[in-house]
Amino acid sequence: MEKFIITQSPPLKGTVRVSGSKNAALPILAATLLTEAQCVIKDVPELLDVQRMEEYLQTFGADTQWQREKNKITVGVKKIASTEAPYPLACSMRASFLVMGPLLARAARVKIPLPGGCAIGARPVDQHLKGLAALGAEITQEHGMVYAKAKRLRGANIYLDFPSVGATENIMMAAVLARGRTIIENSAIEPEIVDLAGFLNAIGADVRGAGTDTIRINGVRGLRGGEYTIIPDRIEAGTFMVAAALTRGDVLIENIVADHLKPVAAKLKEANAAVEEAETGLQVRYVLRGRLKRADIKTLPYPGFPTDMQAQFMSLLALAEGTSIITETIFENRFMHVGELKRMGANIKIESRSAIVEGVEKLAGTQVRTTDLRAGAALILSGLIAEGETEIDDIYHIDRGYCKIEEKLRGLGAKIKRVSS
Ligand code: EPZ
């Protein structure tokens, strides 16, 4: 097992380039199952979850070639070799459920483990199953397995009870090969949904309205191959923006889509950090004499404040002047980082779905444990500013969603190293 050792670091300074988006890459890789032709996906981030998705696709018959040095994956699924998702890989990440729509559309059947909960919540898939059933899939569940089959899916009007990102993606992928038109209402509008639609249209699908709450899909008989470049990772970018403000630094974050970062930039400005659009990205600068100011956060579906930035922002508000209220409306258990931050000296109280964060003057480094991906990122940020040394265990969680994070941070002057424990 590996861990990070972080020592209190000087203000971060310099330029950092963000990698491709994990949450765009994973559904787009799943979508390559929809066509027998070869697809070339560019700007794919080198992550544990992407590696798992590659291995997972191979079990369904995909030929893959990942040129890591070029961040490029070539995928060809000439024939679906199996429609049974292997349990260990299927349970290693939530995104594995996203092969359900493509396999139903391409091979008319699928057997896949019902995803269990994870550290941040129960994460049911009822909206996924509701949409796929509306498209004509016969779905049964037994002993924790989901069985689905459909001769040929047919278009339908689907209203999502919640703008679920994963459900929107699964239904979209199933609908592109269904007979007739599908309308998904109350769909998720995250940038990663728009990116998936962009990839599907690049290989011959007819998806319109992605990025709005109503997506219209005209089914086609078949899809071709194509090339597609993934959008930058807005959560990685937001994490570096918080790191710059938290360490009182001055950092240029490159390879970003500024629009995707509006909620994070707005909250950083509210806390009195300066965020300016630069030629090649966003410049985050600390301009205060004193401490950052308090701010209230409420996580919401896009374009609201992203739940994936909640933990990182808590690290910042833990040291801000005043009391901040952070309300997590998306996941029911996404405060796992609070206990660890309190062990570093943060003053945080949880009341139902809210965390009341009393800003303190300083944090002290100690040994902490990563419970989930973004909680791990929050602990890294706190370690950069805490007095003394912070040791973060179970960092494989962090490697799932951040590509070479310690190298990127060291490039900005952070004192962080990866050691085997
Ligand atoms: C995606 O998860 C992301 N993962 C998550 O990022 C992100 O936090 C989340 O969207 C919200 O933005 C990937 O894209 C791989 P949801 P997903 O379906 O699709 C409930 C990270 O850190 N729900 O929008 O699972 C669910 O329980 C990860 O990168 C149902 O009730 O998110 C949750 O409370 C973490 N029924 C809420 O909706 C359903 O059928 C949001 O889920 C589906 C979801």
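## Domain contact and aromatic pairs

The side chains of arginine 400 and aspartate 49 meet in a salt bridge, with 2.8 Å from N to O; the term denotes a side-chain nitrogen of Lys or Arg within 4 Å of a carboxyl oxygen of Asp or Glu. The model is predicted, so local features need pLDDT of at least 70 and side-chain atom pairs count only at pLDDT 80 or more, while totals for chains, interfaces and linings use all residues. Residues are numbered from 1 along each chain as its sequence is written, and side-chain values use heavy atoms, with hydrogens and water left out.

Between domain 1 and domain 2, three salt bridges are counted. Domain 1 comprises 2-18 + 232-420 and domain 2 comprises 22-229, with bounds from an automatic or database domain assignment. Taken over C-alpha atoms, the domain centres are separated by 31 Å. The contact (heavy atoms within 4.5 Å) takes 26 residues from domain 1 and 21 residues from domain 2. About 1800 Å² is buried between domain 1 and domain 2, and carbon and sulfur atoms give 55% of this area; buried area is the accessible area (1.4 Å probe) that two parts lose on being put together, summed over both. On the domain 1 side, Tyr302, Phe331 and Arg400 lose the most area to domain 2, together 32% of what that side buries.

A search of the whole structure finds three aromatic pairs. Rings of Phe, Tyr and Trp (its six-membered ring) pair if their centres lie within 6.5 Å; planes under 30 degrees apart count as stacked, over 60 as edge-to-face and the rest as tilted. Two of the pairs are tabulated below.

| Pair | Centre to centre | Angle between planes | Class |
|---|---|---|---|
| Tyrosine 56 and phenylalanine 60 | 5.1 Å | 80° | edge-to-face |
| Phenylalanine 199 and tyrosine 228 | 6.0 Å | 75° | edge-to-face |

Phenylalanine 199 lies in helix α7 (residues 191-202) and tyrosine 228 in strand β13 (residues 226-229), so this pair ties together parts that are 29 residues apart in sequence. Helices (H or I, at least four residues) and strands (E, at least two) are DSSP runs, numbered from the N terminus. Both phenylalanine 199 and tyrosine 228 are buried, where buried means under 20% relative accessible area, exposed over 50% and partly exposed in between (1.4 Å probe, protein chains only).

Valine 207 is placed in strand β11 (residues 207-208) and, at 7% relative accessibility, counts as buried. Beyond neighbours within four places in sequence, valine 207 contacts residues including Ala197, Leu200 and Asn201.
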